Amino acid sequence: MIHPYTAAPALLTQAQERLEAPQIEWVALSPTLIVLGAAAIGILVEAFAPQRGRYLTQLLLSVLGIAAAFAAVVGLAASGYATTRAEIAGMGSIAVDGPTLFLQGVLLLVGLVSLFLFAERRLEPAEHGRAVDSFTAQAAAVPGGPAEREAVKAGRTTTEIFPLLLFALGGMLIFPAANDLLVLFIALEVFSLPLYLLCALARRRRLLSQEAAVKYFLLGAFASAFLLFGIALLYGYAGTLDYAGIADVVAGSPAALDAGLASTMGNDVYLLIGGALLMMGLLFKVGAVPFHMWTPDVYQGAPTPVTGFMAAATKVAAFGALLRLLYVVLPGMRWDWEPVLWGVAIASMVAGAVIAITQTDVKRLLAYSSIAHAGFILTGVLAVSEDGVSSVLFYLAAYSFVTLGAFAVVTLVRDAGGEATHLSKWAGLGRRSPLLAGVFSLFLLAFAGIPLTSGFTGKFAVFRAAAESGAIGLVIVGVLASAVAAFFYIRVIVLMFFSDPQESGPSVVIPSPMTTSVVGLAAVVTLVLGIAPQYFLDLAQQAAVFAFR
């Protein structure tokens with residue numbers, strides 16, 4: 001008989017021989033690691049740096065972190081990771097390929113531009129001789145209570161917004177790159193939780209802001225639960241969380257069937273329900289009908305810099321994840337999910353365009369506009385081709401900058417109560433500030449898809465890809481919905497330039513170079529992608545191939 005104390009070393013040696021050290025491709029994962037590392041350092045700054053120097057320290061750290069991550073993305077793309085050297089990194093959990101690098105580059109640029117809106121300190125009136133930003137002085141204080149007044153008097157600022165933005169951005173970088181369902185869920189929570197907090201931190205109208213955060217949190221929790229339940233069912237069906245492994249089981253590959261759970265291999269109910277729940281969670285994030293009800297309330301209540309960041313970046317990340325799910329994991333179920341997404345796309349385009357006509361608040365109008373644009377982007381997704389992928393990538397890049405520019409303009413139109421978002425107050429704005437009204441009109445025309453703007457190029461790309469794939473009916477609905485949407489965009493332009501200004505109307509605040517650069521950059525990108533888009537269309541075309549293994 002072998003004594004247990006003498007057998008233990010032998011068993012330990014055998015276990016060590018079976019275990020392999022994980023192979024982590026640090027270079028391939030460097031953009032995400034840089035952003036999350038900067039976020040972690042930002043937390044340490046909050047803990048140890050003196051309060052007086054936190055703002056500049058956090059701003060500089062965030063700018064350097066995002067810029068370094070973008071340089072890493074460019075370096076990876078130049079090294080061939082977007083084409084010939086595409087790989088599945090991180091023990092098979094992260095795909096580093098063309099769509100990943102393209103979307104990560106867009107997300108980092110959106111994050112950098114949004115950072116300037118977060119850091120703006122010239123829009124709000126100075127309090128006790130100190131410049132303030134759009135965020136509350138003390139998040140934990142009761143709105144209007146003595147603790148909040150004391151925090152304002154002491155000159156406190158919520159500089160935690162910078163690491164929160166970085167954590168949200170880091171999760172978004174992982175989300176479209178996830179090649180494993182568990183990593184997909186973790187990335188979803190990493191970028192969602194900071195957004196829930198950021199939505200509640202408005203300096204003005206704090207109760208409305210907190211209400212928006214609670215609504216977003218509760219509905220987001222339901223969406224996360226649906227997604228997690230869908231992951232569990234797909235694991236029960238395929239016996240793996242790996243994208244390629246699930247795709248093999250769906251396709252009926254004998255090699256993959258051996259790795260699955262034998263008792264559930266023939267039960268397609270798990271596959272159908274699990275895939276449906278997974279898509280529900282992702283469609284919630286893109287704000288598509290019927291999972292859109294959170295969008296107008298959250299857009300209206302959240303601080304406008306947060307709204308701009310969320311409206312632009314969340315769509316980019318969520319559509320990237322949806323593309324990978326449909327094209328890599330569930331291509332064998334195309335005839336099951338395609339009719340459903342047809343209905344979602346049509347409902348989003350029609351509902352977003354029609355309901356937006358009734359809106360009297362600029363932020364709610366832009367929210368319903370984003371719902372309609374979710375339907376337009378789904379039109380490209382439903383092309384199920386490389387042209388469809390490239391058109392969606394281009395559309396997301398164009399839409400994100402138009403959205404950021406539009407919300408940046410909203411932050412500049414103010415009255416005594418803060419941002420003047422009611423449409424009636426924008427009457428005659430073109431006479432008070434023709435330059436700002438002209439730039440906002442450019443963004444509205446881009447949303448409407450008018451030629452010589454990025455919106456026209458994006459819509460033309462997705463509609464052409466859908467038409468070539470045979471989805472003519474979807475294109476017809478999209479064109480009609482675009483015509484309806486053009487009505488309320490042009491209505492705002494007419495209101496600004498052809499209505500008499502009110503005597504007690506709002507004024508346009510002169511911003512710092514940070515917000516000015518956001519508006520200017522968004523306008524330039526809108527025009528360049530509309531007038532000379534070919535280089536960027538080719539770039540999206542080259543990046544439209546997914547790495548499967």
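Modeller: A definition comes at the outset: on a 1 Å grid over the protein atoms alone, a cavity is a set of points where a 1.4 Å probe fits but cannot get out, and lining residues have an atom within 4 Å of a point. Points join across faces, edges and corners, and a volume is the space filled by probe spheres set on them. This is a predicted model: local features need pLDDT of at least 70, side-chain atom pairs pLDDT 80 or more, and totals for chains, interfaces and linings use all residues. Residues are numbered from 1 along each chain as its sequence is written, and side-chain values use heavy atoms, without hydrogens and water.

Biologist: How many cavities of 30 Å³ or more does the structure hold?

Modeller: The largest cavity has about 200 Å³ of space. With the cut-off at 30 Å³ or more, the number of cavities is 6.

Biologist: Which class has the most residues in the lining of the largest cavity?

Modeller: Among the 19 lining residues, Arg-204, Arg-205 and Glu-419 are some of the closest to the centre. Asp, Glu, Lys and Arg count as charged; Ala, Val, Leu, Ile, Met, Phe, Trp, Tyr, Cys and Pro as nonpolar; the others, Gly among them, as polar. The lining has 4 nonpolar and 7 polar residues, against 8 that are charged.

Biologist: Which helix gives the most to the lining of the second largest cavity?

Modeller: Helices are DSSP runs (H or I, at least four residues), numbered from the N terminus. α18 (434-448), α19 (454-468) and α16 (386-410) each supply at least two residues. The top contributor, with 4 residues, is α16.

Conventions
1 Å grid on protein atoms, 1.4 Å probe; cavity = no way out; pocket = protein on both sides within 12 Å on 5 of 7 lines; lining within 4 Å.
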